[in-house]
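Subject: Structure for your review

Dear colleague,

Please find below the sequence and structure that I am handing over to you. My notes on the findings follow.

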Amino acid sequence: MQKVTKETYLKWYEDMLFWRKFEDKLAAVYIQQKVRGFLHLYNGQEAVLAGALHAMDLTKDKMITAYRNHVQPIGMGVDPKRVMAELYGKSTGTSHGLGGSMHIFSKEHGFYGGHGIVGGQIPLGAGLAFGDKYKGNDAVTICCFGDGAARQGSLHESFNLAMLWKLPVVFVCENNGYAMGTSVERTANHTDVWKLGLGYEMPCGPVDGMNPVKVAEAFDEAIQRARRGEGPTFLELKTYRYRGHSMSDAQHYRTKEEVEEYKKIDPITQVKDIILEKNYATEDDIKTIDKRVKDLVKECEKFAEESPYPDKNVMYDVVYEQEDYPFLQHKL
């Protein structure tokens, strides 16, 4: 793994702050009904992505995740303006506006979604890793899911085959405590999700998901193991989301006081404190970064607002290969 340097901390601060502010803007335009459907925000979980990216090789490694998926592709190199446009349903979006919030995708940048089916990405992540092993390259797939998806039967099938075939995949449970709105304590007899790996003799363990350094170290160990051909690892990243499961979540299952307690260990604040403590930057430098982030979010919003909606024909063009398919003759 690359050393965690002054430059690393400054990058982490700017990246995580941008991801946070980008999604804060999405929340605001969602209320204005400029973004429709479901909207699942990542606020509070940014250290997981920041640490993972530090350990990954973005020239070949892949990532696949669930529907809380707006900032991951940005971290992997997708233009944030295109991500914002996708959420607006505009033709300039990553999927020409046809995927929306839950289905951001970029094969070019190694980001394979964005999946709305709970746990649906787990066997797909194992499949991506199988493809890499079959081709004989040393790429690794990061397969992320939430604590709710850890209850899916497909997880066990995927774990079994991944260990049997020694697939180069890192399974990651981003445990933010509540799945959709039910605590881990109410859905299983155990609260240590990482122990599910023990039944398959898979290397596994818990990680402080609010600290990007701890995350990077855990990912590096798992990724290097996979590159050596030693198979998968299962990491439980203990993190927290400050907003509800989605924008329609009333959050009756937790108190405001609990949320405020977790904000005391906010990953962005942790990184900022280290930057100032070690004199990596001054308060004025921080203000410059803050302004740069604010300006970029405005650029993304302007791009999405001004982009056109896709032509209706696009919907048919990406579904039906046969041009004279009967249904197409009756389309509007």
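Which residue in E2 is the bridge partner of Met63? The partner is Ile142. Please bear in mind that this is a predicted model.

The sheet

The strands E1 and E2 run parallel and are joined by 3 bridges. They belong to an open sheet of 5 strands with parallel pairing, in the order E1-E2-E3-E5-E4. Strand E1 (62–64) and strand E4 (204–208) are the edge strands, each pairing on one side only. On average, neighbouring strands of this sheet are turned by 25 degrees against each other, direction ignored.

The helices on the sheet

Helix H5 (residues 121–135) lies across E1, E2 and strand E3 (169–175), and H5 runs at about 175 degrees to E2. Helix H6 (residues 153–164) also packs on the sheet, where H6 touches E2, E3 and strand E5 (233–238). The direction of H6 makes about 150 degrees with that of E3.

The cavity

The count comes to 1 cavity of 30 Å³ or more. About 50 Å³ of space lies in the largest cavity. Met63 and Ile142 are among the residues that line the largest cavity, and the lining also includes Tyr42, Gln72, Glu174 and Phe219. Helix H2 (46–55) and strand E2 (141–146) are the elements that give two or more residues to this lining. H2 gives the most, with 3 residues. By type, the lining residues divide into 8 nonpolar, 2 polar and 1 charged.

Yours sincerely,
A colleague

Key: Residues are numbered from 1 along each chain as its sequence is written. This is a predicted model: local features need pLDDT of at least 70, side-chain atom pairs count only at pLDDT 80 or more; totals for chains, interfaces and linings use all residues. Side-chain values use heavy atoms; hydrogens and water are left out. On a 1 Å grid over the protein atoms alone, a cavity is a set of points where a 1.4 Å probe fits but cannot get out, and a pocket is an open set with protein on both sides within 12 Å along at least five of seven lines; lining residues have an atom within 4 Å of a point. Grid points are joined across faces, edges and corners, and a volume is the space filled by probe spheres set on the points. Helices (H or I, at least four residues) and strands (E, at least two) are DSSP runs, numbered from the N terminus. Ala, Val, Leu, Ile, Met, Phe, Trp, Tyr, Cys and Pro count as nonpolar, Asp, Glu, Lys and Arg as charged, and the others, Gly among them, as polar. Two strands pair if DSSP finds at least two bridges between them. Axes are lines fitted to C-alpha atoms, for helices over the stretch in contact, and angles run from 0 to 180 degrees between N-to-C directions. Contact means heavy atoms within 4.5 Å.
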